[in-house]
Every structure is written in C-alpha cells, then in structure tokens.
Amino acid sequence: MQQSMHGMWSSRLAFILAAAGSAVGLGNIWRFPYLASDHGGGAFVLVYLACIALCGLPILIAEVMIGRHGHRSPVLTFQEIAAQTGASRAWSGIGWMGMVAGVLILSFYSVVAGWTLHYTWLYLRELLGGPGIADPSATFGELLGNPLELTLWHAAFMLMTVAVVALGVEKGLERAVKFLMPALFGMLFLLLGWGATTGHLGDAAVFLFKPDFSRIDGAVFLTAMGQAFFSLSLGMCAMMTYGAYLPREVSIPRAAIGVALTDTAVALLAGLAIFPIVIQYIGTPTGGGPGLIFTSLPNAFAQMGALSGLVFFFLLVVAAWTSSISLLEPTTAYLVERTRLSRRAAAASVAALAWLLGLASVLSLNRWQEVRILGFGIMDFIELVANDLMLPLGGFLISVFVGWVLSGRIVREQFEGVPEAVFRAWLVLVRYVAPILVGIVLVRGVMARF
Ligand code: PHE
C-alpha cells in the first residue's frame with residue numbers, strides 16, 4: 001500500500017515541521033529546564049545529550065521507518081509486518097502500550113498546557129488594562145490551588161487538540177505547524193537577548209554545561225533517558241504514526257536528524273534564555289521544580305512589558321498544541337481503522353478519556369495533594385510511569401524489533417538512496433548501542449527509584 005487511508009503529508013517540509021512540532025513542546029521549554037534545575041544542571045544535560053544522540057536519534061529513524069512501511073496506525077502496522085515476515089503478532093503489543101502511554105501523557109500534558117493558556121489570558125487581560133502579575137509565586141500558587149480554574153483551562157486545551165485532529169492530516173495538522181514554529185524560535189532569541197542584559201548569561205551557561213559528576217546516579221540516568229524519549233516524542237508510536245503519512249521519496253535519516261537537532265536546539269536555547277532570569281530573580285538555578293518558568297519568567301515580563309509575556313505564553317501554547325495533537329493521533333487513527341467511528345468521533349472519545357484522567361492530576365495539585373502512590377503524588381506518578389518507564393521500554397522494544405526481527409530487505413528498502421556508511425552506523429546503534437543502553441538505564445533506574 002503506497003497511500004495511507006488517513007491522508008499524506010504534502011511535502012518533505014510538511015513532515016519535518018509536523019514531526020518537529022510534535023517534538024518541540026512543553027518538554028523543551030517547561031520540563032527540560034526544570035529537570036536540569038532539579039538534577040544538578042550540567043551533569044543532567046550531558047547525560048541527556050548522550051541519550052538523544054545514542055538512543056533517541058536511531059530509534060526515531062526506526063519508528064518513522066516502521067510507520068512508512070506500514071502506512072497504518074501502529075497496532076495494524078505491527079500486525080501486518082508480523083504476517084509478512086512470520087514474526088510473532090505479540091509485537092503489536094508495542095502499539096498497544098504506545099496508545100496507553102499516549103493517553104496517560106495527554107492527560108497531564110493538557111493540564112500543564114492549561115497553565116500556559118491561563119498565563120496567556122493573564123497577560124492579555126493586563127494588556128487590555130487589567131491588573132498585572134505583582135507576585136509571580138503567589139499567582140502560580142493561586143492557580144494550582146483552584147481546581148475549577150485548572151479544570152476549565154484543561155478542558156479548553158483538550159478541545160483545541162480535538163479540533164485539529166478531527167480535521168485530519170493536511171487540513172488540520174499540517175496547517176497548524178507551518179507558521180508558528182518559526183515564530184517560537186524568534187521569541188526564544190528575544191528572551192535570550194533579554195536574559196543577557198541581566199548579566200547572568202555566563203552563570204547560566206556554567207550551570208547548564210559544566211557537569212558536576214557527583215550528581216549523577218541511576219535516578220538521573222533514568223530521568224534523562226525518559227526526558228530524551230519524551231522530548232523527541234518517542235517510544236509511544238507518535239513518530240511512527242507520522243511516518244505512516246510520509247511519502248516514499250523522503251530520506252528518513254535526513255529528516256530525523258533535522259527533527260532531533262531542532263528539538264535539542266530549542267531545549268538548550270530555552271535553558272540559556274530562562275536560567276539568567278531565574279538566577280536574577282530567584283537567586284539560585286537549582287531546585288526550581290515544575291513551577292520554574294511560571295514563577296521566574298513573569299518577573300522579567302513585568303519589566304519587558306505585558307506584550308512580551310503574552311507572546312511568550314501564546315507561543316508556548318502553540319508548541320504544546322502541535323505536540324498534543326501527536327499524542328492523540330495514534331489512537332484516533334487506530335479507532336478509525338478498527339471501528340465505525342468517524343475521525344471526529346474517534347478523536348473526541350479518546351480526548352474525553354484523557355480529559356477525565358487529567359482530573360486526577362488536577363486534584364493532585366490541591367485537594368488530593370496528600371495522596372501518595374509509592375511515595376509519589378498522582379501527577380508525578382503518572383509522569384514517572386509514562387515518561388520514564390513506558391517510553392524507554394517502548395523504545396527498547398522498537399529497537400530490538402527493527403534491529404533483530406524485521407527482515408533486512410524491508411529495512412534496506414526504506415533506506416533507498418541513503419549512503420551505505422550512514423546505514424551501517426545506524427544499524428550498529430539500533431541493534432547494539434540503543435537497546436543495551438536503554439536496557440541498562442531502565443533496570444538500574446527502576447532499582448534506584450523504587
Ligand atoms: N515531545 C513533546 C514535548 O516535548 C511531548 C510528546 C511526547 C509528544 C510524546 C508526543 C509524544 O513536549
């Protein structure tokens with residue numbers, strides 16, 4: 001089958017933008033800086049970069065490749081490959097686990113994206129003459145303490161996500177990403193320039209790039225690996241699904257390298273832009289937690305003007321939006337293939353489920369703050385299970401599948417026109433390096449965590 005029933009990207013650029021749009025999101029601008037803040041800066045960043053290069057990139061190529069071979073949703077793609085090659089149908093379990101992980105991630109992702117919607121509104125209100133944010137920590141605390149407000153923003157964001165996915169590949173997904181990704185880059189540079197005027201750019205760079213190896217332990221490795229998968233949207237078949245809509249003539253390794261470089265550049269740029277401001281107003285770059293950007297950046301925006309805050313949070317909403325659609329797409333595509341639901345109804349049902357689950361995260365920030373699962377709050381626990389366990393496990397299985405189970409002919413076919421040396425290097429990474437590293441990190445990380 002050359003075409004997917006869900007539609008196809010109109011060009012190579014459209015795919016790269018969509019895949020980069022999926023990758024670049026809250027993971028880069030909200031999660032990466034606060035994880036770096038909590039896990040010792042440079043040491044975490046170094047491990048993270050190694051995870052991206054040695055495991056993330058080869059698995060990204062593998063996912064897109066499987067997707068393009070199958071042209072369907074992940075579960076059906078694995079089933080079809082199993083039928084073609086005599087491999088066990090159990091491999092489609094990767095697709096099932098991916099759908100579960102996607103819904104779990106979407107549930108809290110939408111809650112955090114709701115925070116960014118709330119901040120966009122706060123700055124819009126200020127611009128229209130309303131009150132500004134006088135005390136950033138108090139403002140953030142008030143938001144987290146208000147379940148109703150959190151729930152409404154969470155609902156608003158989920159509706160935005162459904163709206164795009166319901167429209168389908170070309171009209172929805174593709175149109176949304178074309179204009180807004182470049183704008184995001186521009187805004188980050190602006191913030192970087194402003195951060196430089198605080199005089200702390202050098203300190204920020206030292207914090208981010210000078211590793212203190214005493215901070216590295218099994219848990220840091222697991223967090224960094226989980227973040228690498230989360231940031232590149234790997235291990236849950238989102239990239240595989242996007243690969244299913246990719247036309248034959250596009251070179252997968254080139255596109256994947258473009259996506260991985262963009263994603264990493266945005267994360268590092270966000271770190272360099274945000275930490276000078278954190279150091280200036282919070283005093284220390286460490287221990288910022290999930291509120292890091294929400295409690296530090298408004299200090300800078302108070303001086304730069306409400307418009308800067310509005311633009312920043314609006315772009316962050318967009319970045320989150322182009323990611324959340326890729327969390328919803330795999331399960332939607334599966335339901336469209338397997339049931340009689342229309343695309344619209346399928347997208348809405350999955351989103352409704354994720355929204356309901358998200359209420360647990362909402363409540364864990366206030367009413368259920370004391371509830372602990374294995375020592376973690378509810379939202380942290382969902383993040384841990386989905387990001388740090390399910391995504392790396394999915395990535396591990398995908399690399400084993402592509403490296404050891406899939407027939408060489410199918411693999412080589414997808415690499416048409418790719419230089420032999422590049423192909424060989426990728427094969428070594430996907431067969432040996434990635435599964436071994438991810439496997440070790442998973443086992444040791446789980447032992448360190450629990
Ligand atoms: N990569 C996205 C981000 O960094 C999150 C995401 C994870 C999207 C998994 C799709 C799949 O924000």
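**Group meeting talk: a helical chain, residue by residue**

Okay, let's start with one residue. Alanine 113 touches Leu26, Phe157 and Ala320, leaving aside residues up to four places away in sequence; touching, or contact, means heavy atoms within 4.5 Å. Alanine 113 sits in helix α5, residues 93-127. Helices here are DSSP runs of H or I with at least four residues, strands are runs of E with at least two, and both are numbered from the N terminus. Is alanine 113 buried or exposed? Buried, because its relative accessible area is 0%. The cut-offs are these: buried is under 20% relative accessible area, exposed is over 50%, and partly exposed is in between, with a 1.4 Å probe and protein chains only. One more thing on this residue: alanine 113 and serine 324 are 211 residues apart in sequence, but their C-alpha atoms are 9.2 Å apart in space.

Before I go on, a word on what you're looking at. This is a predicted model, so local features need pLDDT of at least 70 and side-chain atom pairs count only at pLDDT 80 or more, while totals for chains, interfaces and linings use all residues. Residues are numbered from 1 along each chain as its sequence is written, and side-chain values use heavy atoms, with hydrogens and water left out.

Now the whole chain. How many helices and strands does the protein chain have? There are 18 helices and 0 strands. The C-alpha trace spans about 65 × 50 × 40 Å along its principal axes. For 450 residues, a compact globule would have a radius of gyration near 22 Å, and the protein chain agrees with that at 21 Å. That radius is taken over C-alpha atoms, and the globule rule is 2.2 Å times the number of residues to the power 0.38.

Of the 450 residues, 62% are buried. Take the contacts with a separation of 6 or more: 83% of them are between residues 24 or more positions apart. The accessible surface comes to about 16600 Å², and 66% of that belongs to carbon and sulfur atoms. Those areas come from the Shrake-Rupley method with a 1.4 Å probe, and for residues only the protein chains shown count as cover.

On to salt bridges. Side chains of opposite charge can pair when their charged atoms come close. The structure holds 7 salt bridges, each one a side-chain nitrogen of Lys or Arg within 4 Å of a carboxyl oxygen of Asp or Glu.

One of them joins glutamate 416 and arginine 248, at 3.9 Å from N to O. This pair links distant parts of the chain: glutamate 416 is in the loop between α17 (408-414) and α18 (420-449), arginine 248 is in the loop between α11 (238-244) and α12 (252-282), and they are 168 residues apart. Glutamate 416 counts as exposed because its relative accessibility is 63%, whereas arginine 248, at 30%, counts as partly exposed.

Another one joins arginine 343 and glutamate 329, at 2.7 Å from N to O. Here arginine 343 is in helix α15 (residues 343-364) and glutamate 329 in helix α14 (residues 306-338), 14 residues apart. Both arginine 343 and glutamate 329 are buried.

Then there's arginine 412 with glutamate 420, where the closest N and O atoms are 2.7 Å apart. Arginine 412 is partly exposed at 28%, and glutamate 420 is partly exposed at 39%. Arg412, Glu420 and Arg424 are linked in a network of salt bridges.

Next, backbone angles. Most residues other than glycine have a negative phi, and most peptide bonds are trans. Histidine 71 has a positive phi of about 55 degrees, and it is not a glycine. Where does histidine 71 lie? In the loop between α3 (42-70) and α4 (74-85). At 3% relative accessibility, histidine 71 counts as buried. Cysteine 237 also has a positive phi, near 75 degrees. Cysteine 237 is in the loop between α10 and α11, and at 1% it counts as buried.

Last stop, threonine 223, in helix α10, residues 218-231. Threonine 223 is buried, with a relative accessible area of 2%. Which residues does threonine 223 touch, not counting those up to four places away in sequence? Leu35, His39, Phe44, Asp388 and Arg449. Valine 405, on the other hand, is 182 residues from threonine 223 in sequence and 29 Å from it in space, C-alpha to C-alpha.
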